[in-house]
Each structure stands twice: as structure tokens, then as C-alpha cells.
Amino acid sequence: MDTKKMIDEIKKMTVIELNELVKALEVEFGVSAAAMAMAGPAQGAAAPVAEEKTEFNVVLKEVGANKINVIKVVREVTGLGLSEAKALVDGAPKTIKEGVAKASADEMIAKFKDAGAKAVAE
């Protein structure tokens, strides 16, 4: 069926039938009509709209040379005791904090960087 014939068939449909068609297309292709309308004609139906990530896990990847300073930062951001923080640092790479906002994750990563360690938000 070419595009013109398809449009002619759609013109014959009732509002209820059109609504059912839109819902079926959303399910079939994993997109929403509202998101596609906001994407505009330049982007079309090329890819589904990805949701922006709002929660991050801060992961200590590398301790570096200043292990004591890194332990202090772990204690500061987690509230853990000395032995728990040391065990966490010794076990790197380890997740330090889960489900934090982007701003908080960036702040923690900066603290680890200042202490000589490498941390990332995942």
C-alpha cells in the first residue's frame, strides 16, 4: 500500500478507530505520539525517546596514593565508621553511594578527586 492510499484509509476512520490505531502503533514501536510530536519533523520516528537519568551510583574506581585521605572522604560521604570505610576502600572498585542526584554525585566525585582517588557516577 502506498502512502496516498494509506492516508485515504485513515481519513475514513472514526475518532475511536484513530485512537486505537495510535495506541497500537505506540505499543508496536515502543514510542509515544506525544514524544514524537515534541521531537519534531527533523527527528521523526528514527529512535525512541530515552528518559534522562536522575539517580546515579557513585563508584570508587581507583584509590590512588593517598589511601588515608580517601578513607576520610568515604567516611564523610557515607557516615561509615573507620573500619567499614577502610574495608570499602580496600575493596575498590566499590559502589560508595547508590541512588543519588546528579549534583550530589558530582560533588562526591570532586571530593574523591581532591583526595587523589578516581570515582565515577554510573
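Which side chains meet Lys86 or Asp90 in a salt bridge? The two meet each other, at 2.8 Å from N to O. A salt bridge is a side-chain nitrogen of Lys or Arg within 4 Å of a carboxyl oxygen of Asp or Glu. The legends below start with the whole chain and then move to close-ups.

This is a predicted model, in which local features need pLDDT of at least 70 and side-chain atom pairs count only at pLDDT 80 or more, while totals for chains, interfaces and linings use all residues. Residues are numbered from 1 along each chain as its sequence is written, and side-chain values use heavy atoms, with hydrogens and water left out.

**View 1. The whole chain holds 6 helices and 3 strands.** Helices (H or I, at least four residues) and strands (E, at least two) are DSSP runs, numbered from the N terminus. Read from the N terminus, the order is α-α-α-β-α-α-β-α-β. The chain has 122 residues, and 19% of them are buried. Buried means under 20% relative accessible area, exposed means over 50%, and partly exposed lies in between (1.4 Å probe, protein chains only). The accessible surface is about 8,800 Å². Carbon and sulfur atoms hold 57% of that surface. These areas come from the Shrake-Rupley method with a 1.4 Å probe; for residues, only the protein chains shown count as cover. Contact means heavy atoms within 4.5 Å. Among contacts with a separation of 6 or more, 63% join residues 24 or more positions apart.

**View 2. The largest nonpolar core has 21 residues.** A nonpolar core is a set of buried Ala, Val, Leu, Ile, Met, Phe, Trp, Tyr and Cys residues joined through side-chain atoms within 4.5 Å. Val58, Leu60, Val70, Val74, Val89, Ile96 and Phe112 touch the most other members. At least two core residues come from each of strand E1 (56–62), helix H4 (67–78), helix H5 (82–90), strand E2 (94–100) and helix H6 (102–114). H4 gives the most, with 5 residues. In soluble globular proteins, nonpolar side chains tend to be buried together. Now look at Phe112. Leaving aside neighbours within four places in sequence, Phe112 is in contact with Val58, Leu60, Val70, Val73, Val74, Val77, Ile96, Ala117 and Ala119.

View 3. H4 has 12 residues and reaches 16 Å from its first C-alpha to its last, close to the 16 Å expected. The expected span is 1.5 Å times one less than the number of residues. Val70, Ile71, Val73, Val74 and Val77 are the buried residues of H4. The arc is that of the directions from the helix axis to the C-beta atoms. Their cover includes E1, H5, E2 and H6. Ile68, Lys72 and Glu76 are exposed on the face turned away. Gly79 follows H4 and has a positive phi, near 80 degrees.

**View 4. Helix H6 has a buried face too.** H6 has 13 residues and reaches 18 Å from first C-alpha to last, close to the 18 Å expected. Which residues of H6 are buried? They are Ala105, Met108, Ile109 and Phe112. Seen down the axis, these fall within an arc of 100 degrees, so they line one face of H6. E1, H4, E2 and strand E3 (118–121) are among the elements that cover them. Ala103 and Asp114 are exposed on the other side. Just after H6, Gly116 takes a positive phi of about 95 degrees.

**View 5. The structure holds 8 salt bridges.** One of them joins Lys111 to Glu76, with the closest N and O atoms 2.5 Å apart. Lys111 lies in H6 and Glu76 in H4, so the pair ties together parts 35 residues apart in sequence. Lys111 is partly exposed, at 26% relative accessibility. Lys86 and Asp90 are 4 residues apart in helix H5, so about one helical turn separates them. Lys86 is partly exposed at 39%, and Asp90 is partly exposed at 41%. Salt bridges link Lys67, Lys86 and Asp90 in a network.

**View 6. Gly99 sits in strand E2.** Gly99 is partly exposed, with a relative accessible area of 36%. Gly99 and Glu55 are 44 residues apart in sequence, and their C-alpha atoms are 4.7 Å apart. Not counting residues up to four places away in sequence, Gly99 touches Glu55, Phe56 and Asn57.
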